[in-house]
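Please look over the model below, together with its sequence.

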Amino acid sequence: MLDSQLAELAARLRRARRVTVMTGAGVSAASGIPTFRGDGGLWRRFRAEELATPEAFRSDPALVWEWYDWRRQKIAACEPNPAHHVLARWTNRSDGCTVITQNVDDLHLRAGTARLIRLHGSIWELSCWSRCGAAPWRDERAPLPVLPAVCPRCGGLARPAVVWFGEALSADDVDQARRACACDVFIAAGTSAIVYPAAGLLDEARSAGAFTAEINTETTAATSGVDVSLQGAAEVILPELEGL
């Protein structure tokens with residue numbers, strides 16, 4: 001069954017003029033990206049929902065930055081895996097291929113992905129907490145020399161330029177993602193695609209007539225609604241697809 005579904009999706013991809021791939025945490029898992037709680041120590045006492053919020057930052061910016069600095073150091077030691085490299089090649093071979101990611105690790109960028117839409121921002125970018133007018137800036141130092149980080153323009157607190165729980169996504173990013181739903185093939189890889197806006201994008205692509213596929217290590221709430229469901233790791237399935 002898996003072989004026939006792989007073959008069908010590969011055939012659809014060969015004929016497609018526009019392909020959109022939406023990725024989630026499962027695509028970065030093989031690179032060793034840690035979970036929110038990490039592998040021990042302080043962060044086992046906190047859930048992401050307790051730290052990745054404006055309220056948490058307002059209450060204890062040093063604590064939130066300590067967590068993000070720990071995550072940045074972990075991510076800095078990771079490398080893009082075969083899934084990232086396949087998608088990068090697809091976007092560079094065709095202007096009709098777009099990658100939308102829910103991940104903030106920027107491994108897609110490090111692999112060379114073109115036209116990447118980052119719905120949740122980047123852990124490597126900072127912005128002014130007070131919104132003094134400074135444009136978000138990139139800082140890849142890990143660890144950061146000063147915590148909590150400060151804004152180079154006003155000297156006030158800086159925050160990670162990521163979308164926290166309770167915050168709205170960038171309207172421009174959402175608009176770009178919605179436009180990418182007008183495609184021939186839409187693949188959800190390494191994401192359950194049940195939390196909005198991810199779920200909405202999959203539904204929108206399906207409604208627009210796209211052939212939809214899911215690549216995940218386990219079945220999800222989205223599985224029954226896609227045309228093809230490939231159960232397996234993205235770093236295995238995507239190179240197999242590319243080779244067919």
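**Briefing on the predicted model**

Cysteine 183 is buried, with a relative accessible area of 8%, where buried means under 20% relative accessible area, exposed over 50% and partly exposed in between, for a 1.4 Å probe and protein chains only. This is a predicted model, in which local features need pLDDT of at least 70 and side-chain atom pairs count only at pLDDT 80 or more, while totals for chains, interfaces and linings use all residues. Residues are numbered from 1 along each chain as its sequence is written, and side-chain values use heavy atoms, with hydrogens and water left out.

**Cysteines**

- A disulfide is taken as a pair of cysteine sulfur atoms within 2.5 Å, and by this rule the count is zero.
- Cysteine 183 takes part in no disulfide, the nearest cysteine sulfur being that of cysteine 181 at 6.5 Å.
- Cysteine 97 is also buried, at 4% relative accessibility, and its sulfur lies 9.7 Å from the closest cysteine sulfur, in cysteine 183, which is too far for a bond.

- Helices (H or I, at least four residues) and strands (E, at least two) are DSSP runs numbered from the N terminus, and helix α9 spans residues 198-207, with Ala198, Ala199, Gly200, Leu201, Leu202 and Ala205 as its buried residues.
- The cover over the buried residues of α9 includes the strands β1 (19-23), β2 (97-101), β7 (185-189) and β8 (211-216), together with helix α8 (171-180).

- A pocket is found on a 1 Å grid over the protein atoms alone, as an open set of points where a 1.4 Å probe fits, with protein on both sides within 12 Å along at least five of seven lines, and lining residues have an atom within 4 Å of a point.
- The second largest pocket holds about 540 Å³ of space, a volume being the space filled by probe spheres set on the points, which are joined across faces, edges and corners.
- Its lining consists of 25 residues, and those nearest the centre of the pocket are Ser127, Pro136, Arg159, Ala161 and Val162.
- At least two lining residues come from each of α4 (54-59), β3 (116-118), β4 (121-128) and β6 (158-162), and β4 gives the largest share, with five residues.

**Overall fold**

- The protein has ten helices and nine strands, and buried residues make up 51% of its 244 residues.
- Along the principal axes, the C-alpha atoms fill a box of roughly 55 × 35 × 30 Å.

**Two single residues**

- Glutamine 102 sits in the loop between β2 and α7 (107-111) and counts as buried at 18% relative accessibility.
- Leaving aside residues up to four places away in sequence, glutamine 102 touches Met22, Thr23, Gly24, His120, Thr191 and Ala198, contact meaning heavy atoms within 4.5 Å.
- Serine 4 belongs to helix α1 (residues 2-15) and is partly exposed, at 44% relative accessibility.
- The C-alpha atom of serine 4 is separated by 29 Å from that of valine 195, which is 191 residues apart from it along the chain.
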